[in-house]
Amino acid sequence: MTNHLWFEQKLPTWYSPDGGCHGHEAKELQAVTHSAKSVMGWLGDSQGLALYQMARWPVAGGVLEIGSFCGKSTLFIALGCKHSGAAFYAVDPHKPISEGGKEQFGLNFQPFLGNSLGELRETLDSCNLAAYVTLLVATSEEARRQFTVQPLKLLFIDGSHDYADVLLDYELWHKMIIKGGRLVFHDSNFEGVNQTIQANLDRDRYDHEGTVGEGRWAMTVWRRLR
């Protein structure tokens, strides 16, 4: 890929290292952060806290995640939606690589041999958050066909990192984001994700609010302007 733009961490101005919550909510967030450490995935603690804060944002609009895997990010988003009352949809086909699936890798970068859907459900149950998530066991394209059009305040893209797949995720869903809502890409320095951001993201419509995390797994946050 030419003209690769490498994203360095620059936290959004609204980001709070304690999640911006207090009392019982703060204790819940601490418990989720602790539980997430044992869940398979590449999401950093600071990224989870950022997702929680965006999902917790008290405005009308749903939340949609593309790529749940075992539920590391899903935990943080679900907790935020619990307190904001936002409807939350988690999209993932949960198809192992041995059956033609994508992005089902363990931390050793070998194909994941477990049951990601089963682990996702156990992850949510362990924190009593299953009731705040609607699981759509489908590809992004399949989910879009069955999804009722509704405004989204947060769209988190973390599915297949192949350029064609990232681009499709963006094109299928981003027009549902409300003005002021957020579009978030995980792994923004991976080639397929980075290429989508550089070549296809509507910069007149989306403003870069910040980057959470370092290296290939950096998470970029974009706010819809209009």
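Show the protein chain as a cartoon and follow it along the sequence: the pattern is α-α-β-α-β-α-β-α-β-α-β-α-β-β. The radius of gyration is 16 Å, close to the 17 Å that the globule rule gives for 226 residues, so the chain is as compact as a globular protein of that length. Keep in mind that this is a predicted model. In total the protein chain has seven helices and seven strands.

Along its principal axes the trace spans about 45 × 40 × 35 Å.

Now show the surface. The accessible surface of the protein chain is about 10300 Å², and 50% of that belongs to carbon and sulfur atoms. Of the 226 residues, 53% are buried.

Colour the charged side chains. There are 21 positive and 26 negative ones in the protein chain, and the centres of the two sets lie 7 Å apart.

Then display contacts between residues at least 6 apart in sequence. Of these, 76% join residues at least 24 apart.

Finally, select helix 4, residues 116–126. Which residues of helix 4 are buried? They are Ser116, Leu117, Leu120, Thr123 and Leu124. These residues cover an arc of only 120 degrees around the axis, which puts them on the same side of helix 4.

Technical notes:
Residues numbered from 1 in each chain as written. Predicted model: local features only at pLDDT ≥ 70, side-chain atom pairs only at ≥ 80, totals over all residues. Heavy atoms only, no water. Helix = DSSP H or I, 4+ residues; strand = E, 2+ residues; numbered from the N terminus. Rg over C-alpha atoms; globule rule 2.2 N^0.38 Å. Buried < 20%, exposed > 50% of the residue type's maximum accessible area, 1.4 Å probe, protein only. Contact = heavy atoms within 4.5 Å. Areas by Shrake-Rupley, 256 points an atom, 1.4 Å probe, with all protein chains shown as cover. Lys, Arg positive; Asp, Glu negative; His and termini not counted. Charge placed at Lys NZ, Arg CZ, Asp CG, Glu CD. Arc of directions from axis to C-beta.
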